[in-house]
Amino acid sequence: MNSLTFLKQLIPFPSVSCDSNADVSRWVEQTLQSLGFTTEWLEYTDAEGVTKVCVSGQKGPATGRGLAYFCHTDVVPVSSWSFADSGPWEPLQTDSRLYGRGSCDMKGSLACMLAAAKNTLNDTLTAPLSIVCTADEEIGLRGAAHVVGHSALYRSIVGCQSRAIIGEPTLLNVVHAHKGGRSMKVTSHGIAAHSSTGKGRNANFAMIPFLTAMHQLCQEIDGCSDYLDDRYDPPTINLNLGINDHTEALNITPAQSVCTINFRTMPAVDTDALVQRIQDTAHQCGLTFELMFGGNPVFTDPGSPFIRELLQLTGCQQSQTVPYGTDGSCFTELSDIAVLGPGDIRQAHTDDEWISLEQMEQGTALYTRLIRQWCVDGKN
């Protein structure tokens with residue numbers, strides 16, 4: 001079975017992050033078992049009461065570093081789709097592309113790794129090969145965090161210090177670093193009333209001093225070296241602010257005003273100090289503060305033996321950084337991490353999401369080489 005066949009079986013699972021991914025995880029579990037992997041089923045219930053699953057597999061001896069591949073099985077929602085005759089959950093193949101939700105981000109990558117595992121099915125492994133499939137990557141890396149806290153298989157990966165590949169789409173270019181992130185919610189509480197009565201308390205007015213302070217903070221950050229890291233493109237934290245009072249009519253005094261703040265973290269920036277400053281400002285303004293998400297940046301020395309070896313295996317001239325984040329933010333106990341996968345990130349989350357057949361073929365060939373280099377040939 002080649003990668004395209006695997007992908008055509010993965011796409012029909014509508015594993016949107018707000019829903020359970022148990023069905024696609026069961027398919028992955030059974031496929032891994034058919035390829036000789038010992039599997040681990042890690043189930044949890046999210047805050048909305050939905051069952052989520054992280055499924056993993058491992059084969060080969062327990063000694064040596066080997067290779068650990070990480071992906072996620074959840075996908076983003078579909079509000080519109082470009083093809084009337086073929087929905088987002090129906091694989092549509094042309095001469096050069098396969099369309100479908102998750103084809104690029106990132107079921108195509110998983111299909112390539114499964115095909116690579118099948119290519120090496122009869123090879124004798126001399127080091128462990130691990131495949132870890134998480135849930136909830138698209139909504140805050142929740143599954144990856146659960147794996148770190150509860151997976152015995154992940155503990156074995158850390159113990160071996162396996163070489164880690166995050167299979168997100170990079171056009172098969174080697175990515176040695178990406179940004180992390182922080183997301184916060186600041187809420188002002190008022191009292192709802194008909195605006196004609198004058199009996200309410202407008203939550204938006206109480207939010208204004210905080211917004212003024214955030215505007216000043218943004219002006220301070222702009223161009224300041226303390227908030228720059230030239231190893232990334234763009235080299236800024238990209239602080240973004242949103243505001244919403246969720247009031248349904250113009251003549252209702254808003255009972256709440258919600259400000260969301262998100263920025264990208266980088267190693268050279270004192271992230272904790274910045275979060276603390278925002279939290280202190282919120283409390284000074286009498287507002288409530290909630291840290292919604294915190295993900296670490298990923299950075300592997302581009303001159304390390306691991307990255308140099310990846311460049312040789314891929315034929316890339318040099319490794320890159322990217323501004324987006326991955327589950328790798330949770331896997332900081334691993335010393336050698338790179339993002340490397342088929343597909344173009346520009347095709348992810350689009351209403352005509354696709355992956356090229358050429359990338360699928362090349363991705364399978366590359367992952368097969370990685371397995372044979374690190375798990376078969378004895379280079380532990």
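Colleague: Where is N238 found?

Modeller: N238 is in the loop between α6 and β10. Bear in mind that this is a predicted model.

Colleague: What about the phi of N238?

Modeller: The phi of N238 is positive, about 55°, although N238 is not a glycine. Most residues other than glycine have a negative phi.

Colleague: Is N238 buried, exposed or partly exposed?

Modeller: N238 counts as partly exposed because its relative accessible area is 37%, and partly exposed covers the range between under 20% for buried and over 50% for exposed.

Colleague: Which other non-glycine has a positive phi of about 55°?

Modeller: H246 has one. H246 sits in the loop between β10 and β11.

Colleague: Back to the loop between α6 and β10. Which peptide bond involving P234 is cis?

Modeller: The bond that joins D233 and P234 is cis, with omega about 0°. P234 belongs to the loop between α6 and β10.

Colleague: And which bond involving M106 is cis?

Modeller: The bond between D105 and M106 is cis, with omega about -10°. M106 is in the loop between β5 and α3. As a general point, most peptide bonds are trans.

Colleague: What does P323 touch?

Modeller: Leaving out residues up to four places away in sequence, P323 touches K179, D233, P234 and R264.

Modeller: P323 lies in the loop between β14 (320-322) and β15 (337-339). P323 is partly exposed, because its relative accessibility is 35%.

Colleague: How many bridges do β10 and β11 have?

Modeller: Five bridges, in the antiparallel sense, with β11 covering residues 256-265.

Colleague: What about the largest nonpolar core? How many residues?

Modeller: The largest core has 51 residues. L67, Y69, L110, I165, L310 and L370 have the most contacts inside this core. Elements that give two or more residues include α1 (3-10), β3 (67-72) and α8 (305-314). The most comes from α9, with nine residues.

Colleague: Which residues does L370 touch?

Modeller: L67, I165, L310, L313, L340 and C375, not counting residues up to four places away in sequence. There is also a second, separate core of 23 residues, which includes A144, Y154, I157 and V175.

Colleague: Which residues of α8 are buried?

Modeller: F306, I307, E309, L310, L311 and L313 are buried in α8. The buried residues of α8 pack against β7 (163-166), β8 (175-178), β15 and α9.

Colleague: What follows α8?

Modeller: G315 follows α8, with a positive phi near 80°.

Colleague: There's a three-strand sheet too. What order?

Modeller: β4-β5-β16, an open sheet with antiparallel pairing. The edge strands are β4 (92-93) and β16 (354-356). β5, residues 97-99, pairs with β16 over three bridges. R97 stands opposite S356 in β16.

Colleague: What angle does α1 make with β5?

Modeller: About 15° between the directions of α1 and β5. α1 packs on this sheet and touches β4, β5 and β16. α9 also packs on the sheet, and its direction makes about 65° with that of β16.

Colleague: Last one. Where is R26?

Modeller: R26 is in helix α2. R26 is partly exposed, with a relative accessible area of 37%. R26 and V53 are 8.9 Å apart, C-alpha to C-alpha, and 27 residues apart in sequence.

Definitions and conventions. Residues are numbered from 1 along each chain as its sequence is written. This is a predicted model: local features need pLDDT of at least 70, side-chain atom pairs count only at pLDDT 80 or more; totals for chains, interfaces and linings use all residues. Side-chain values use heavy atoms; hydrogens and water are left out. A nonpolar core is a set of buried Ala, Val, Leu, Ile, Met, Phe, Trp, Tyr and Cys residues joined through side-chain atoms within 4.5 Å. Buried means under 20% relative accessible area, exposed over 50%, partly exposed in between (1.4 Å probe, protein chains only). Helices (H or I, at least four residues) and strands (E, at least two) are DSSP runs, numbered from the N terminus. Contact means heavy atoms within 4.5 Å. Two strands pair if DSSP finds at least two bridges between them. Axes are lines fitted to C-alpha atoms, for helices over the stretch in contact, and angles run from 0 to 180 degrees between N-to-C directions.
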